[in-house]
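Hi everyone, thanks for coming along.

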Amino acid sequence: MKLLKRVTPLALALGALTLAGAVHAADTIKIGIPQPMTGPNTQYGDQIQAGALTAIETINAKGGVKGKKLEPILIDDGCEPKQAVPAANRVVNSGAKFAVAHACSGVTVPAVNVYEQEGIVGITPGATSPLVTDTIKPKMFFRTIGRDDQQGPYAANYIAKNIKPKKVAVLHDKQTYGSGVATQVKDTLVKDGVNVAIFEGINVGDSDYSAVITKLKSQGVDFVYFGGYHPELGLLLRQSREQGLNVQFMGPEGTANQDLVAIAGPAIAGLLVTLPADFTKMPGNEGIVKAFHDKKRDPDGAFQMPAYAAVQLIADGIEAVGEDPVKVADYLHKHSFNTAIGKVEYDAKGDLKNFEFAVFKWDKDGKKTQL
């Protein structure tokens with residue numbers, strides 16, 4: 001006679017809870033959003049969260065994707081390279097198969113490996129370093145922002161043609177993003193025949209940059225480009241003015257943070273920054289801008305619209321081929337899309353075939369105008 005294993009009421013209850021949890025989990029499509037939520041670069045994370053959450057809420061209000069709601073999973077990566085793999089693994093452990101992934105290049109470069117190995121579609125709205133996609137040439141990872149070898153030469157050409165300085169200093173923060181974009185600027189300036197008198201790094205977190213400012217003065221530079229983030233640029237601007245160095249500065253999109261105004265004070269006047277073009281003014285984006293305002297979120301920043309577009313791409317891919325991330329990645333590679341940042345098409349590495357940068361000038365109150 002075959003003996004039947006006794007099933008206790010507790011086992012039945014646990015089994016029912018497990019089944020209910022599985023059913024509940026299957027009712028949503030999870031999207032990981034690992035971004036800096038702590039540390040000095042939280043504003044970049046705030047911008048990406050604003051864009052991603054507004055897109056998710058807008059899509060959910062229209063019924064979701066294939067009848068399922070999108071579920072955001074917010075994760076803090078601190079814009080710290082040492083938190084890159086742990087943050088990416090938290091995306092994996094959450095059960096998400098899609099991610100609006102990382103603002104900072106130093107975090108994104110090591111994290112890409114996790115998404116690639118785990119078969120997760122990741123789209124970064126903020127990481128511009130070529131190393132993100134050049135290192136392993138990923139199949140699952142994409143951007144909704146341009147690369148530094150697009151942004152850097154664009155900035156350098158603008159400097160050469162419009163500023164026409166006699167002697168330039170190119171500084172950077174010695175990190176993946178900052179040194180990368182600074183190198184692109186320096187190399188292009190040299191090709192354009194501009195005299196780059198100084199090219200060197202400064203230490204992140206220092207509070208006194210008097211030594212480098214003294215060097216800038218002694219070399220007689222009349223223009224300074226800085227590759228890095230806003231805390232260091234803010235101090236460089238303020239201390240330069242305090243020490244009598246009244247030259248124009250320029251930086252990449254990673255410096256364009258409103259906290260820069262508080263650090264630099266009136267010394268911010270005249271600062272030039274390369275940023276994604278102002279997508280809030282793009283025809284057809286009126287409804288998207290309204291959605292931001294309805295949620296009391298600011299759409300006007302470097303990363304809001306690229307983050308919104310990242311969610312649009314994920315949703316469009318799932319709508320077309322289902323929730324299998326490998327199929328979604330293949331679909332993104334092979335098709336073009338109309339998004340909040342305009343027409344999106346990808347090359348084999350997941351880089352945008354075209355992306356529009358622009359130069360903005362800041363006034364003493366921190367308001368910027370596209371030139």
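Is Lys68 buried, exposed or partly exposed? With a relative accessible area of 23%, Lys68 is partly exposed, because that class runs between buried, under 20%, and exposed, over 50%, with a 1.4 Å probe and protein chains only.

Some housekeeping: this is a predicted model, where local features need pLDDT of at least 70, side-chain atom pairs count only at pLDDT 80 or more, and totals for chains, interfaces and linings use all residues. Residues are numbered from 1 along each chain as its sequence is written, and side-chain values use heavy atoms, leaving out hydrogens and water.

Back to Lys68, which meets Glu323 in a salt bridge at 2.8 Å, N to O. The two are 255 residues apart: Glu323 sits in the loop between H12 and helix H13 (325-334), Lys68 in the loop between H2 and strand E2 (69-76). Helices (H or I, at least four residues) and strands (E, at least two) are DSSP runs, numbered from the N terminus. Glu323 is also partly exposed, at 35%.

The structure holds 17 salt bridges, each being a side-chain nitrogen of Lys or Arg within 4 Å of a carboxyl oxygen of Asp or Glu. Another one pairs Arg143 with Asp351, at 2.6 Å from N to O. Arg143 is in strand E5 (residues 141-143) and Asp351 in the loop between strands E12 (342-344) and E13 (357-362), so this pair ties together parts 208 residues apart in sequence. Both Arg143 and Asp351 are buried.

Now the cavities. On a 1 Å grid over the protein atoms alone, a cavity is a set of points where a 1.4 Å probe fits but cannot get out, and lining residues have an atom within 4 Å of a point. Points are joined across faces, edges and corners, and the volume is the space filled by probe spheres set on them.

There are two cavities of 30 Å³ or more.

Where does the second largest cavity lie? Domain 1 (29-145 + 280-356) and domain 2 (149-269) both give residues to its lining, so it lies between them; the bounds come from an automatic or database domain assignment. This cavity has about 50 Å³ of space, and its lining includes Tyr44, Tyr177 and Phe303.

Methods
1 Å grid on protein atoms, 1.4 Å probe; cavity = no way out; pocket = protein on both sides within 12 Å on 5 of 7 lines; lining within 4 Å.
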